[in-house]
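Reader: I have a structure open here and would enjoy talking it through with you. Shall we take it piece by piece?

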Amino acid sequence: MAKSAADLKAAQSGIEALVEDIPLSKPRCNFCGGENFVVHMGREGEKCGKCHSLRRHRVALEVYRRRGLLEKPETGKVVRVLHLAPEYLLRKAVINVVGGGYICSDPNPDNYGNAQCLKLFFPQDFKIFPDDYFDYIIHNHVLEHIPGLVKEILPEFTRIIKPWGYHIFSVPGPDMRILTEEGGEFLDSDEERLKRFGQEDHLRKFGYDFPDIMNALPNGTFSWDGLSVEDRRQLNVAPYSNRFMVWRKGRGKGLSPE
Ligand SMILES: [Zn+2]
């Protein structure tokens, strides 16, 4: 027998009540399990109150996990990772898995205490690494500090990544309302860089064409991090913010690894 409109409405509101009753899990820090997030640099909920991870660190760890970087290598296999400007928590998490395959570098190694960073200037010093060498190159908020043209910088990284290896990184933005702007090294003062690029030592701003620049790199595939709004919420990260870029190298020209 057909149900009356009133019955259907009652059943529907029952379902809605049920859906509302399902508690959403509390956001948790994926480094330490902490559930208390505090203000950092004026940004509400940015920092884990327990281990001090920032949003981009929590997203990074999840992206690394999904791309296999947190899986213990098979016995006898070396997984090589190059980490630029190595953040403490990410360094610890990656070294824990890959051990001796981990290398970090920065032009100012003293900023990274006992990390035993190599002092390397980009791109000239990166010539020490052979082609197809690293399984992963990882960095966050580094690319905006490197002088030159990003179209010329990126191939210096992709050259030293192994076939099927990954380049996983984040930058401020990209700002989808602007074209990528560069040339901060030619501006006369920190004030001008602050005004144009948002920070005194930022040399570029990434815009809506940046994914196209990534896509145009030969012999590889570009994708965004793949984390959903809900994945972000669980890490106490705002929807669509702290987006990561993932580039995976293929085995030959025109071949896609995925
Ligand atoms: Zn934490």
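Reader: Thanks! Where is K127 found?

Author: Happy to start there. Residues are numbered from 1 along each chain as its sequence is written. This is a predicted model, in which local features need pLDDT of at least 70 and side-chain atom pairs count only at pLDDT 80 or more, while totals for chains, interfaces and linings use all residues. Helices (H or I, at least four residues) and strands (E, at least two) are DSSP runs, numbered from the N terminus, and by that numbering K127 is found in the loop between strand 5 and strand 6.

Reader: Is K127 buried or exposed?

Author: The labels come from counting other C-beta atoms within 10 Å of a residue's own, with C-beta atoms placed from the backbone: 20 or more is buried, 12 or fewer is exposed, and in between is partly exposed. K127 has 11 other C-beta atoms within 10 Å, so K127 is exposed.

Reader: How many helices and strands does the chain have, and in what order do the strands of the open sheet lie?

Author: The chain has seven helices and nine strands. Strands count as paired if DSSP finds at least two bridges between them. Seven strands form an open sheet with mixed pairing, and their order is 5-4-3-6-7-9-8.

Reader: Which strands are at the edges of that sheet?

Author: An edge strand pairs on one side only.

Reader: What is the sense of the pairing between strand 7 and strand 9, and which residue stands opposite Y166?

Author: Strand 7 and strand 9 are joined by four bridges, and their sense is antiparallel.

Reader: How are helix 2 and helix 3 oriented to each other?

Author: Two packed helices are described by the angle between their axes and the distance between the axes. In this pair the axes come within 10 Å and cross at roughly 20°, with H57, A60 and L61 of helix 2 and L89, L90 and A93 of helix 3 making the contact. Angles under 35 degrees count as roughly parallel, over 145 as roughly antiparallel, 65 to 115 as roughly perpendicular and the rest as oblique. Helix 2 and helix 3 are therefore roughly parallel.

Reader: Why is strand 4 described as largely enclosed by the rest of the structure, and how many of its residues are buried?

Author: In a regular strand the side chains alternate between the two faces of the sheet. From strand 4, Y102, C104 and D106 point one way and I103 and S105 the other way. Strand 4 is largely enclosed because the number of its residues that are buried is five of the five.

Reader: What is the sense of strand 3 and strand 4, and which residues of strand 4 are the bridge partners of L82 and L84?

Author: Strand 3 and strand 4 run parallel, joined by four bridges. The bridge partner of L82 is I103, and that of L84 is S105.

Reader: Which residues touch the most other members of the largest nonpolar core?

Author: A nonpolar core is a set of buried Ala, Val, Leu, Ile, Met, Phe, Trp, Tyr and Cys residues joined through C-beta atoms within 7 Å. The largest one here has 40 residues, and those touching the most other members are V81, Y136 and I168.

Reader: What is the phi of Y240?

Author: Y240 lies in the loop between helix 7 (229-234) and strand 9. Y240 is a residue other than glycine with a positive phi, near 65°.

Technical notes: Axes fitted to C-alpha atoms, helices over the stretch in contact; angles between N-to-C directions. Contact = placed C-beta atoms within 7 Å.
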